[in-house]
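This report describes selected strands, helices and residues of one protein model. The sequence and structure are shown first, and the description follows.

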Amino acid sequence: MRYLNYLLYLLILCFLTACADSNVTQNITQTGTKLSVDNKVYISMSMDGKYGNKFYEGSGSMTTDALRSAFLTHTDNVEASSVFETRQKAILSALNHDADFLVYPVILHWEDRATEWSSIPDKVEVKVSLIEPHSQQVVEAIIVSGRSGLATFGGDHPQDLLPEPISDFVNTLY
């Protein structure tokens, strides 16, 4: 009977571990830049993500929304693009909006899977650069990676993996 209890605890532990999402944030450039609530931030929209030949329409907008929400917790001086912009176009847009900083996201990987049926997790990887538009210098940059748990019950999508690590990054900027 004791072994049966042990086996039951082990199965519960394995199930709970499979439910957990995992996020990793990799710093590329870390200068210790601190933003003020008075700084105006312009957020560019990334090109939609893809996996193989499958494009995920709206993923650029969802990434921008996650970034916008994170910055709005610190300041009201946030403008966001509603269309994809190349880096150079985004810098010009930031300058036209009198922004002190440009947030330039690039979706590196976006994979939405039917995890509950296939046991293949959703995955996302986004590079976020904080650029000073006048000098065009990257002052901070990270890569945010996320992977859903295996027992998602159909509720997880790649965009659900972004808010927490993006908020953590933005919190370090203020």
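Buried means under 20% relative accessible area, exposed over 50%, and partly exposed in between, with a 1.4 Å probe and protein chains only. Helices (H or I, at least four residues) and strands (E, at least two) are DSSP runs, numbered from the N terminus. The model is predicted: local features need pLDDT of at least 70, side-chain atom pairs count only at pLDDT 80 or more, and totals for chains, interfaces and linings use all residues. Residues are numbered from 1 along each chain as its sequence is written, and side-chain values use heavy atoms, with hydrogens and water left out.

**Strand β7 and its partners**

Strand β7 (residues 123-132) is largely enclosed by the rest of the structure, because seven of its ten residues are buried. Two strands pair if DSSP finds at least two bridges between them. Strand β7 pairs with β6 (residues 101-111) in the antiparallel sense, over nine bridges. It is also joined to β8 (residues 137-147) by ten bridges, again antiparallel. In the hairpin of β7 and β8, four residues lie between the strands, and glutamine 136 takes a positive phi near 60°.

Alanine 141 is found in β8 and counts as buried because its relative accessibility is 2%. The C-alpha atoms of alanine 141 and valine 103 are separated by 9.4 Å, although the two residues are 38 apart along the chain. Glycine 146 also lies in β8, and with a relative accessible area of 7% it is buried. Its C-alpha atom is 6.4 Å from that of glutamate 125, a residue 21 places away along the chain.

**Strand β2**

Strand β2 (residues 41-45) is largely enclosed by the rest of the structure, since five of its five residues are buried. Val41, Ile43 and Met45 point one way from the strand, whereas Tyr42 and Ser44 point the other way. Strand β2 pairs in the parallel sense with β5 (residues 78-84) over four bridges, and in the parallel sense with β6 over three bridges.

| Residue | Opposite residue |
|---|---|
| Valine 103 | Leucine 130 in β7 |
| Valine 124 | Glycine 146 in β8 |
| Valine 41 | Valine 78 in β5 |
| Tyrosine 42 | Leucine 102 in β6 |

**Helix α2**

Threonine 64 is placed in helix α2 (residues 59-72). At 2% relative accessibility, this threonine counts as buried. A polar atom of the threonine 64 side chain lies 3.4 Å from the backbone oxygen of serine 44. Contact means heavy atoms within 4.5 Å. When neighbours within four places in sequence are left aside, threonine 64 is in contact with Ile43, Ser44, Met45, Ser46, Ala80 and Ser81.

Helix α2 also packs against helix α5 (residues 163-173), at an angle of about 40° and with the axes 9 Å apart. The axes are lines fitted to C-alpha atoms, for helices over the stretch in contact, and angles run from 0 to 180 degrees between N-to-C directions. This makes α2 oblique to α5, where angles under 35 degrees count as roughly parallel, over 145 as roughly antiparallel, 65 to 115 as roughly perpendicular and the rest as oblique. The contact is made by Ala66, Leu67, Ala70 and Phe71 of α2 together with Ile166, Ser167, Val170 and Leu173 of α5.

Terms used: A polar contact is a pair of N or O atoms within 3.5 Å; within protein, one must be able to donate a hydrogen and the other to accept it, and residues adjacent in sequence count only if both atoms are side-chain atoms.
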